[in-house]
Amino acid sequence: MLLAFMPAEKLFLLDAATFAVSAVAFACLGRHMAPQPAKAAQTPDGDADPGAEREAPRAFAVLRANPRIACALALSRSP
């Protein structure tokens, strides 16, 4: 509908601007809404509780540690 009122070049610039705004919004949300790692529970003697939940490993750290898995994921195709 906007193409009827403005040239195609201006429409592409408007589309690029809206993309930039959404990218900034997602970056801000990712920074402010990221899940915080749970603290390990402390026992009365000051040691960490072995049954306490641990932080899950980060995906990029796992892929850097296992380059074969990273390569397999990069080369895999979705059906």
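**Overall fold and surface of a predicted helical chain**

A search of the whole structure finds 0 disulfides. The model is predicted. Cys 28 is partly exposed, at 34% relative accessibility. Cys 71 is also partly exposed, with a value of 40%. Both values lie in the range between the 20% limit for buried residues and the 50% limit for exposed ones.

The protein chain contains 3 helices and 0 strands. Read from the N terminus, the order of elements is α-α-α. Helix α1 covers residues 8-33. Helix α2 covers residues 59-65. Helix α3 covers residues 67-75.

The average pLDDT of the protein chain is 78. A score of at least 70 is reached by 68% of the residues. Among the helices, α1 has the highest confidence, at a mean of 89. The lowest belongs to α2, at a mean of 84.

The protein chain has 79 residues, of which 1% count as buried. Its accessible surface comes to about 7,600 Å². Carbon and sulfur atoms account for 66% of that surface.

A nonpolar patch lies on the surface. Phe 26, Leu 29 and Met 33 make up this patch, which has an area of about 390 Å². Phe 26 sits in helix α1. The relative accessible area of Phe 26 is 61%. Phe 26 therefore counts as exposed, because the class begins over 50%.

Ala 70 is located in helix α3. Its relative accessibility is 27%. Ala 70 is therefore partly exposed, because a buried residue must fall under 20%. Ala 70 and Phe 60 are 10 residues apart along the chain. Their C-alpha atoms are separated by 9.1 Å.

In summary, the predicted model shows a chain with 3 helices and 0 strands. Phe 26 is exposed, whereas Ala 70 is partly exposed.

Technical notes: Residues are numbered from 1 along each chain as its sequence is written. This is a predicted model: local features need pLDDT of at least 70, side-chain atom pairs count only at pLDDT 80 or more; totals for chains, interfaces and linings use all residues. Side-chain values use heavy atoms; hydrogens and water are left out. Helices (H or I, at least four residues) and strands (E, at least two) are DSSP runs, numbered from the N terminus. Buried means under 20% relative accessible area, exposed over 50%, partly exposed in between (1.4 Å probe, protein chains only). Accessible areas come from the Shrake-Rupley method with a 1.4 Å probe; for residues, only the protein chains shown count as cover. Patches are made of residues with over 30% relative accessible area and no salt bridge: like charges are joined within 9 Å, nonpolar side chains (Val, Leu, Ile, Met, Phe, Trp, Tyr) within 5 Å. A salt bridge is a side-chain nitrogen of Lys or Arg within 4 Å of a carboxyl oxygen of Asp or Glu. pLDDT is the predictor's confidence in each residue, from 0 to 100. A disulfide is a pair of cysteine sulfur atoms within 2.5 Å.
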